[in-house]
Amino acid sequence: MFTAIYRWRLKPGAESAFIRAWRNRTEKICGARGSYGSRLHREPTGTYCAIALWPSRAAWEANAPSLPDDDADAAAFKQSVVESLPVLTMELVTDLWKLPVA
């Protein structure tokens, strides 16, 4: 498994639009590109952080196929962000997460 961690600083007041666009785009990425999904977190500083899981680095690096009906979500996402911080990537070594069953 491969993990990518993204971090963004948002424009004040843009949080709702950002979260909506992040959710829509994440669902499209899962469906179109095979991502295992992502979790969005807010740090105490107000910076947003998403942890995305992928089957492999190659799957993460593939930018195809393009996301369906993504122009509005991509624009809303971009307009919400003041700064995108460097992406952190890593390969899974051991997984001991114990997730509750929904």
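Helices (H or I, at least four residues) and strands (E, at least two) are DSSP runs, numbered from the N terminus. With that settled, the elements of this chain run β-α-β-β-α-α-β from the N terminus on, which makes three helices and four strands.

Two notes on the source. This is a predicted model, where local features need pLDDT of at least 70 and side-chain atom pairs count only at pLDDT 80 or more, while totals for chains, interfaces and linings use all residues. Residues are numbered from 1 along each chain as its sequence is written, and side-chain values use heavy atoms, with hydrogens and water left out.

Overall dimensions next. The C-alpha trace spans about 40 × 35 × 30 Å along its principal axes. For 102 residues a compact globule would have a radius of gyration near 13 Å, and the chain's 14 Å agrees with that. That radius is taken over C-alpha atoms, and the globule rule is 2.2 Å times the number of residues to the power 0.38.

Contact here means heavy atoms within 4.5 Å. Of the contacts with a separation of 6 or more, 74% are between residues 24 or more positions apart.

Buried means under 20% relative accessible area, exposed over 50%, and partly exposed in between, with a 1.4 Å probe and protein chains only. On that scale, 28% of the 102 residues count as buried.

Now the interior. In soluble globular proteins, nonpolar side chains tend to be buried together. A nonpolar core, as used here, is a set of buried Ala, Val, Leu, Ile, Met, Phe, Trp, Tyr and Cys residues joined through side-chain atoms within 4.5 Å. Which residues form the largest nonpolar core? There are nine: W8, L10, F18, A21, W22, Y48, A50, F77 and V81. Two or more of these come from each of β1 (2–10), α1 (15–33) and β3 (48–54), and α1 gives the most, with three residues. A second, separate core has six residues, among them A4, A52, W54 and A59.

Y48 belongs to the largest core. Leaving out residues up to four places away in sequence, Y48 touches Y6, R7, W8, L10, E15, F18, I19, L40, H41 and R42.

Next, a lysine. K28 is found in helix α1. Is K28 buried or exposed? K28 is buried, because its relative accessible area is 16%. Beyond its neighbours within four places in sequence, K28 is in contact with R33, L67, P68, D69, D70 and D73.

D69 counts as exposed, because its relative accessibility is 75%. D70 counts as buried, because its relative accessibility is 10%. Apart from residues up to four places away in sequence, D70 touches R25 and K28.

Most residues other than glycine have a negative phi, and most peptide bonds are trans. D69 has a positive phi of about 45° although it is not a glycine. A cis peptide bond joins A64 and P65, with omega about -5°. P65 is found in the loop between α2 (57–61) and α3 (71–80).
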